[in-house]
Amino acid sequence: MAYRWKNDLTRADATPYDAFVNRRQLMGGALGLGLIGAAGMGRAQEAGELVPNTYEDITQYNNFYEFGTGKADPARNAHTLTTDPWTVQIDGMVDAPGDYTMAQILEAMTIEERIYRFRCVEAWSMVIPWNGFELADLLNLAGVQEGAKYVAFETALRPDEMPGVRFPVLDWPYVEGLRLDEAMHPLTIMATGIYDKPIPNQNGAPMRLVVPWKYGFKSIKSIVKITVSDQEPPTSWNKANGSEYGFYSNVNPEVSHPRWSQANERVVGGSLFAGRQDTLMFNGYEEEVASLYEGLDLKANF
Ligand code: MTE
């Protein structure tokens, strides 16, 4: 494969969780908190650096409809999900199909930190310091067979542990899919942690997909099944509303959602002055991923 991935964000750009907590304690009750934070963030943005959201932003403002459709519902309800033991079934066009325990997967993978922009189709964004491994490494462990073209993913479906699945908001279980070259791209990871802590249930424990150049709904949570195939797999939001949510769902400021513009985004958290910012083509990963879509009409294939 031709591309080598370089991280434009380093650990130095992150607000370590401990420092964040300490700063909050130091400034607790201080009237100037918002203003001090705003000044710091403004300078960082001017310098072109990305400042990760706080642990609190990332873990208290979520979409995980299996636990409710409100942004605070997953943090409130997802503690009921049993994530240990956890097994991921890998099947389809692979040399070694089977049930892989989370322990086996973690044993075989190298966990690293990736600080990525995260852009939801609802036009809000964060920057998240994930811990995880490249999906390509897991697929290579299973051995992708000749002729495979797509990878399908499925979330656990446990009515006893997931209060949201009583409601037919989506056709459960939540499913997603990628083209094989997208799945094998070095930017595509399986996240198992945030800020060097195990990934919380509301963010998709014990393992969730992260595809940073696509809208957030492609980043399917709490995965129990991965199927390699030669057929484009169905995806939950496309099934729910095919005219609004396509298979590709690449972040693209020039292709509006039928009901709102995607040209800019609300920065979650931060400060009083963080406000909105322009959305970047492929969410800022154009250099790394544009070649995947050469010759493809990105308006027709939204
Ligand atoms: N995965 C499942 N299983 N169920 C969901 O409702 N929501 C998606 C995605 N993965 C969702 C999911 C959407 S719309 C977004 S924006 C992201 O998860 C949100 O991830 P976060 O809560 O970790 O920020």
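Is Ala123 buried or exposed? Ala123 is buried, with a relative accessible area of 8%; buried means under 20% relative accessible area, exposed over 50%, and partly exposed in between, using a 1.4 Å probe and the protein chains only. What you're looking at is a predicted model, where local features need pLDDT of at least 70, side-chain atom pairs count only at pLDDT 80 or more, and totals for chains, interfaces and linings use all residues. Residues are numbered from 1 along each chain as its sequence is written, and side-chain values use heavy atoms, with hydrogens and water left out.

**The open sheet**

- Five strands make an open sheet with mixed pairing, in the order S2-S1-S10-S5-S6. Helices (H or I, at least four residues) and strands (E, at least two) are DSSP runs, numbered from the N terminus, and two strands pair if DSSP finds at least two bridges between them.
- At the edges sit strand S2 (98-101) and S6, each of which pairs on one side only.
- From one strand to the next, the twist averages 20 degrees. Axes here are lines fitted to C-alpha atoms, for helices over the stretch in contact, and angles run from 0 to 180 degrees between N-to-C directions.
- Strands of a sheet pair through backbone hydrogen bonds, either parallel or antiparallel.

**Who pairs with whom**

- S10 covers residues 223-229, and five of its seven residues are buried.
- S10 pairs with strand S1 (residues 87-92) in the parallel sense, over four bridges. Ile90 stands opposite Ile226 of S10.
- S10 also pairs with strand S5 (residues 150-155), this time in the antiparallel sense over six bridges. Thr155 has Ile223 in S10 as its bridge partner.
- S1 and S2 pair in the antiparallel sense over four bridges, and Gln89 has Asp99 in S2 as its bridge partner.
- Helix H6 (residues 135-142) lies across S1, S2, S5, S6 and S10, and runs at about 70 degrees to S10. Contact means heavy atoms within 4.5 Å.

- Ala123, the residue from the opening question, lies in the loop between strand S3 (112-119) and strand S4 (124-134). Its phi is near 75 degrees, a positive value in a residue other than glycine.
- Tyr195 isn't a glycine either, yet it has a positive phi of about 50 degrees. You'll find Tyr195 in the loop between strand S7 (189-194) and S8, and it is buried, with a relative accessible area of 4%.
- The peptide bond from Trp172 to Pro173 is cis, with omega near -5 degrees. Pro173 belongs to the loop between S5 and strand S6 (175-179).
- Ala205 and Pro206 are also joined by a cis peptide bond, with omega about 0 degrees. Pro206 is in the loop between strand S8 (197-198) and strand S9 (208-210).

**Around the ligand**

- There are 17 residues around the ligand, and Asn62, Tyr65, Glu66, Thr155 and Lys221 come nearest. A residue counts as near if one of its heavy atoms lies within 4 Å of the molecule or strand.
- The side chain of Lys221 has an N or O atom 2.7 Å from an oxygen atom of the ligand.
- A backbone N or O atom of Ser219 lies 2.9 Å from a nitrogen atom of the ligand.
- A polar backbone atom of Asn63 is 3.2 Å from an oxygen atom of the ligand.
- Taken alone, the ligand exposes 540 Å², and the protein buries 98% of that. Accessible areas come from the Shrake-Rupley method with a 1.4 Å probe.

Conventions
A polar contact is a pair of N or O atoms within 3.5 Å; within protein, one must be able to donate a hydrogen and the other to accept it, and residues adjacent in sequence count only if both atoms are side-chain atoms.
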